[in-house]
Amino acid sequence: MVRIGRYDGPHRDRGGSGNQDAMQIDTEENAGILIARVAETRIDASVAIRFKDTMRRIVAGTRSQRIVLDLGQVDFLDSSGLGAIVSVMKLLPSGQRLELAALTGNVAKVLRLTRMDTIFPILATAPGRDGGQVG
């Protein structure tokens, strides 16, 4: 069974400009793997809480043992964003694990410098992306 969804965080109008400030994460669930693709270029202090809240809703709705966070579109990650990712990992019940995938150069560097690359399993590509195997 494949289940695909889109999760948008709370929308906020910025000063009447018409821009929507939302955390968008697309999901795909197949073969016991939940893939959550962050459709944003930054996870920083301005979106960290919305990221965490959105991911909390996503992981609460799955029984998948593997949760793959596809960061292929994320070019910038600061300490608040990294803290939000760690918080998501801590939300997971026993038996579920969070893996990171498709890291851009800047994000990989932050994980290396903070040694978080030793905490999270890191995949070159997310399953199902660019022909990657699911399973």
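Modeller: Let us start with E99, which forms a salt bridge with R97, the closest N and O atoms being 2.7 Å apart. Please keep in mind throughout that this is a predicted model.

Biologist: Which residue meets R66 in a salt bridge, and where in the chain do the two partners lie?
Modeller: The side chain of R66, which counts as buried at 17% relative accessibility, takes part in a salt bridge with an N to O distance of 2.8 Å. R66 belongs to strand β5 (residues 66-70) and its partner to strand β7 (residues 97-101), so that the pair links distant parts of the chain, 33 residues apart. The residue that meets R66 is E99, and the strands are β5 and β7.

Biologist: How many salt bridges does a search of the whole structure find?
Modeller: Another one joins D44 and R42, with the closest N and O atoms 2.8 Å apart; here D44 counts as buried at 8% relative accessibility, while R42 is partly exposed at 40%. For the whole structure, the number of salt bridges found is 6.

Biologist: Over the ring of which residue does the charged end of R42 sit?
Modeller: Besides its salt bridge with D44, R42 has its charged end placed over a ring, 4.1 Å from the centre of that ring. A search for aromatic pairs in the whole structure finds 0. The ring under the charged end of R42 is that of F76.

Biologist: How far apart are the end C-alpha atoms of helix α2?
Modeller: Helix α2 covers residues 79-91, which is 13 residues. The expected span is 1.5 Å times one less than the number of residues, and for α2 this should come to 18 Å. The model agrees with that expectation, since the end C-alpha atoms of α2 are apart by 18 Å.

Biologist: Which residue caps the N-terminal end of α2, and what covers its buried residues?
Modeller: At the N-terminal end of α2, a side-chain oxygen of the capping residue lies 3.0 Å from the backbone nitrogen of S80. The buried residues of the helix are G81, L82, A84, I85, V86 and V88. The cap is D78, and the cover includes β4, α1, β5, β6, β7 and α3.

Biologist: Which residues does G32 touch, leaving aside those up to four places away in sequence?
Modeller: G32 is found in the loop between β2 and β3, and with a relative accessible area of 41% it is partly exposed. G32 and S64 are 32 residues apart in sequence, yet their C-alpha atoms are 4.7 Å apart in space. The residues touched by G32 are S64, Q65 and R66.

Biologist: What pattern does the protein chain follow along the sequence?
Modeller: The protein chain has 3 helices and 8 strands, and buried residues make up 41% of its 135 residues. Among contacts between residues at least 6 apart in sequence, 66% join residues at least 24 apart. Read along the sequence, the pattern is β-β-β-β-α-β-β-α-β-α-β.

How values were computed
Residues numbered from 1 in each chain as written. Predicted model: local features only at pLDDT ≥ 70, side-chain atom pairs only at ≥ 80, totals over all residues. Heavy atoms only, no water. Salt bridge = Lys/Arg side-chain N within 4 Å of Asp/Glu carboxyl O. Buried < 20%, exposed > 50% of the residue type's maximum accessible area, 1.4 Å probe, protein only. Helix = DSSP H or I, 4+ residues; strand = E, 2+ residues; numbered from the N terminus. Contact = heavy atoms within 4.5 Å. Polar contact = N/O pair within 3.5 Å; in protein donor to acceptor, adjacent residues only side chain to side chain. Phe/Tyr/Trp six-rings, centres within 6.5 Å; stacked < 30°, edge-to-face > 60°. Lys NZ or Arg CZ within 6 Å of the ring centre and 35° of its normal.
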